[in-house]
Amino acid sequence: MKDEKYIPRPLYFNKIEPFIGTGLIKVLTGQRRVGKSYVLLQVMDEIRKRDSRATIIYINKEDYRFESIKDHNDLMAYLESQRTNTGRHYLFIDEVQEINQFELAIRSLLSVDGWDIYITGSNATLLSGELATQLGGRFIQIQIHALSYPEFLQFHQLHENTESFLLYIRWGGMPHLINLRKEDAVVFEYLRNIQNSIILRDIIARFNIRNVGFLQDLINYLADITGSVLSAKRISDYLKSQKINLTPKLVLEYLVYLESVYLIDRVKRMDVEGKKIFEIGDKFYFEDLGMRHATIPFQQKDIGKVLENLVYHHLVVNGYLVYIGKHGDKEIDFIAKKNEDITYIQVVYLISDEKTHEREFGNLLAIPDNCTKMVISMDETATGNFKGIEHTSIRKFLMT
């Protein structure tokens, strides 16, 4: 792993850097193949620069050479064989959830001076329950996402223009695509293989799923209704239409499984004025649009929901907490919160007529506060503002 080439991702490295050499465990989470391993590589190189006596131990549970490390006892035995008598030890474990009760070994190492620990995982339950109890809050979690639009341009060595943007919409931001032939058939075959791996290894095997066919049907359904409000009734209606005998409760459990492996994100609804979070009526977006299009091919009629997904991804990559807004009988596409700042956002394909303008800007004008309000569209000439509401093109927004 030491000599592998990589493209730096400073957005994530800068979040990790302040904690290098501290007693906190650095936990990198995210969907499979979003580039967690290469962020670790960047950290390793930085450690080598800072500490010439560093002992770096790297374990990749997707590499057959580490197949024998199955549980915490195997892990401790391996680490003991790799220990040296000089310098600090830096431990990196990729896909740590593949090691049974790994948290027991990590806790043991925390009680010994001289260990700096970094782990990655592709399951959101990594830090829940027993692990959080075992580690007692002595960790920081950083989620690694699929490439943002600026990263996509950097990785693929493209200039920002309409052609590059449309390519990003179609292929998404999985980093390994830069190593493949630039053809749809090749790209989507790779993306489908990732999805199959996620379904088989991270959901079916881990959660003992029996109705595999419905799980894939549910992914297809979520791809089709991306950005639409999903309620128990809508789920029930969908089941009836497919003549499927599953309870909505079980379907909701399947949705949690899909969330836990970072394939989709659930976005809750918030009341604009009361700031109340609603328990029903969520929206779902894909972590990576390429993965959505590997499920359902992109069609022009889907452009509205695709643009929403892009805006959502950009917001979470940049550290915003994101909600869907509800203001009376009006819907606000996104409420984006960072620290004390709030931004209200409407996303629309084109402001093509007065009716569309009135709807998108009118929903925001009705909000009685002075927070930032923004309409984002595909209009390349979008600029300026209307009654204090900024109108910007999505390409410009994604580059900020």
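Mentor: Buried means under 20% relative accessible area. Keep in mind that this is a predicted model.

Trainee: Okay. Which residues of H9 are buried?

Mentor: Phe214, Leu215, Leu218, Ile219, Tyr221, Leu222 and Ala223.

Trainee: Why would residues three or four places apart point the same way?

Mentor: An α-helix has 3.6 residues a turn, so such residues end up pointing the same way.

Trainee: And what covers the buried residues of H9?

Mentor: Several elements do, including helices H8, H10, H11 and H12. Strands S6 and S8 are also among them.

Trainee: How far apart are the end C-alpha atoms of H9?

Mentor: They are 19 Å apart. At 1.5 Å a residue, the 13 residues should span 18 Å, so the two values agree.

Trainee: New topic. Where is Lys283?

Mentor: In strand S8.

Trainee: Is Lys283 buried or exposed?

Mentor: Buried, because its relative accessibility is 2% and the cut-off is under 20%.

Trainee: What does its side chain make a polar contact with?

Mentor: The side chain of Glu331, at 2.7 Å. Beyond its sequence neighbours, Lys283 also touches other residues, including Asp265, Glu308 and Asp333.

Trainee: Now the sheet. What's the strand order?

Mentor: S7-S9-S10-S11-S12-S14-S13, an open sheet with mixed pairing. S7 and S13 stand at the edges with a single partner strand each, so one side of each has no neighbour in the sheet.

Trainee: How do S10 and S11 pair?

Mentor: Antiparallel, over five bridges. Phe334 has Ile345 in S11 as its bridge partner.

Trainee: Which helix packs on the sheet, touching S9, S10, S11 and S12?

Mentor: H13, and its direction makes about 20° with that of S10. Helix H14 lies across S10, S11, S12, S13 and S14, at about 165° to S11.

Terms used: Residues numbered from 1 in each chain as written. Predicted model: local features only at pLDDT ≥ 70, side-chain atom pairs only at ≥ 80, totals over all residues. Heavy atoms only, no water. Helix = DSSP H or I, 4+ residues; strand = E, 2+ residues; numbered from the N terminus. Expected span 1.5 Å × (residues − 1). Buried < 20%, exposed > 50% of the residue type's maximum accessible area, 1.4 Å probe, protein only. Contact = heavy atoms within 4.5 Å. Polar contact = N/O pair within 3.5 Å; in protein donor to acceptor, adjacent residues only side chain to side chain. Pairing = 2+ DSSP bridges. Axes fitted to C-alpha atoms, helices over the stretch in contact; angles between N-to-C directions.
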